[in-house]
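Trainee: Hey, I'm new to this one. Can you walk me through it?

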Amino acid sequence: MKSFTGVRGMGRGEIERLVTEACEYRDALDSGDLIDRSLEGRCVANLFFEPSTRTRLSFDLATQRLGGHVLTFFPETSSSLKGESLHDTVLTVAAIGADVLVVRHKEEGVPEKVGEWTGLPVINAGDGTNEHPTQALLDLVTLKRRFGSLPGLRVGIVGDIAHSRVAGSLIHAMGPLGIELVLVGPGEWLPSETSVALSHDLDATIPHLDVVYLLRVQTERGGVIDDDYVARFRMDAKRASELSEDSVIMHPGPINRGVELTDEVADSPRSLITEQVRNGVPTRMAVLRRLAADRR
Ligand code: CP
């Protein structure tokens, strides 16, 4: 694997291998038995041109856990403010000594461009409404650890699908793994051309789901929160009571409490939201190790 810019086009075997490796890292981190210096002497630069808490910090820690160095770029205090272009910025970071670039940007396709400009391995940490592939992988890790097996799981992705790069990656990741997927939301947020099942009716869908995967309403990309949305699609205690006993709630974060879900649901034993965050570091370790190994 030269770069990791998307799940689209990846084969089942490759996705499964990364999930397995991430699960092994999670076990090693939990037991305190981790001895892995795969990134010894390597430098990973985090280039986040959009805000992030989970993704950036977990790439930082994943790099450090593998013995690598972290370079963190903050656009709001960088020479971007003096007019330096994106192209010149990434060439500068490469010249300083980065070996791998982790890129988040509001425009689709920027991670691929950065790879072409620098010749370095690039990990997509979210590009516009296109993909957020390490989020999808850590979600699969979370499901694998919870359910043991992925094929046949019934997952409903609920909400602002149109603006969600998380949904973009999940759709491409779940199909090859045999996960049954339904996209649930208002008509204007559902894709017009897709082979995936669609529903406008969360209440009718809930009893058939093992996983309710709620998406943040992306107001920064045009998503609008209104009373009708909240009434029809917010996961509250009443809706949660219609789920089967083992069903779970997921959300990539950050959550809008009271919009996509209520506090009771977010903080309930069904919620895997904190577990998803925990799986961010081992998942990013698996991806970073793969890039480092394939570069030798
Ligand atoms: N899920 C996710 O990408 O969160 P951050 O924006 O905090 O990185």
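This is a predicted model: local features need pLDDT of at least 70, side-chain atom pairs count only at pLDDT 80 or more; totals for chains, interfaces and linings use all residues.

Trainee: OK, and where does Thr-134 sit?

Mentor: Thr-134 is in helix α5.

Trainee: Which residues does Thr-134 touch?

Mentor: Leaving out residues up to four places away in sequence, Thr-134 touches Phe-4, Phe-59, Ile-123, Thr-283, Arg-284 and Val-287.

Trainee: Let's stay with α5. At what angle does it pack with α1?

Mentor: Helix α1, residues 12–31, and helix α5, residues 133–147, pack at an angle of about 70°. Their axes are 9 Å apart. At that angle, α1 and α5 are therefore roughly perpendicular to each other, and their crossing is right-handed.

Trainee: Which residues make the contact?

Mentor: From α1 you have Ile-15, Leu-18, Val-19, Ala-22, Cys-23, Arg-26, Asp-27 and Asp-30. From α5 come Leu-137, Leu-140, Val-141, Lys-144 and Arg-145. Sorted by class, the contact of α1 with α5 has eight nonpolar residues, five charged and no polar ones.

Trainee: And α5 with α6, at what angle do those pack?

Mentor: About 55°, with the axes of α5 and α6 8 Å apart. That makes α5 and α6 oblique to each other. Here α5 passes α6 in a right-handed crossing.

Trainee: Who meets whom there?

Mentor: On the α5 side it's Pro-133, Gln-135, Ala-136, Asp-139, Leu-140 and Leu-143. They meet Val-166, Ser-169, Leu-170, Ala-173 and Met-174 in α6. That contact of α5 with α6 divides into eight nonpolar residues, two polar and one charged.

Trainee: How many Å separate Ile-171 and Gly-32?

Mentor: Their C-alpha atoms are separated by 34 Å, and Ile-171 and Gly-32 are 139 residues apart along the chain.

Trainee: Switching to strands now. What order do they have in the four-strand sheet?

Mentor: The order is β2-β1-β3-β4, in an open sheet with parallel pairing. The edge strands are β2 (69–73) and β4 (122–127), and each pairs on one side only. On average, neighbouring strands of this sheet are turned by 15° against each other, ignoring direction.

Trainee: How many bridges between β1 and β3?

Mentor: Five, in the parallel sense, with β1 covering residues 43–48 and β3 covering residues 100–105. As an example of a bridge pair, Leu-47 has Val-103 in β3 as its partner.

Trainee: What about β8, which residues point which way?

Mentor: Strand β8 runs over residues 211–214, with Val-211 and Tyr-213 pointing one way and Val-212 and Leu-214 the other. All of them are buried. In a regular strand, side chains alternate between the two faces of the sheet.

Trainee: Which strands is β8 joined to?

Mentor: One is β5, residues 154–158, which runs parallel to β8 and is joined to it by four bridges. In that pair, Gly-156 stands opposite Val-212. Another is β9, residues 248–250, also parallel to β8, with three bridges. There, Val-211 stands opposite Val-248.

Conventions:
Residues are numbered from 1 along each chain as its sequence is written. Side-chain values use heavy atoms; hydrogens and water are left out. Buried means under 20% relative accessible area, exposed over 50%, partly exposed in between (1.4 Å probe, protein chains only). Helices (H or I, at least four residues) and strands (E, at least two) are DSSP runs, numbered from the N terminus. Two strands pair if DSSP finds at least two bridges between them. Axes are lines fitted to C-alpha atoms, for helices over the stretch in contact, and angles run from 0 to 180 degrees between N-to-C directions. Angles under 35 degrees count as roughly parallel, over 145 as roughly antiparallel, 65 to 115 as roughly perpendicular and the rest as oblique. A crossing is left-handed if the near helix is turned anticlockwise from the far one by less than a right angle, and right-handed if clockwise. Contact means heavy atoms within 4.5 Å. Ala, Val, Leu, Ile, Met, Phe, Trp, Tyr, Cys and Pro count as nonpolar, Asp, Glu, Lys and Arg as charged, and the others, Gly among them, as polar.
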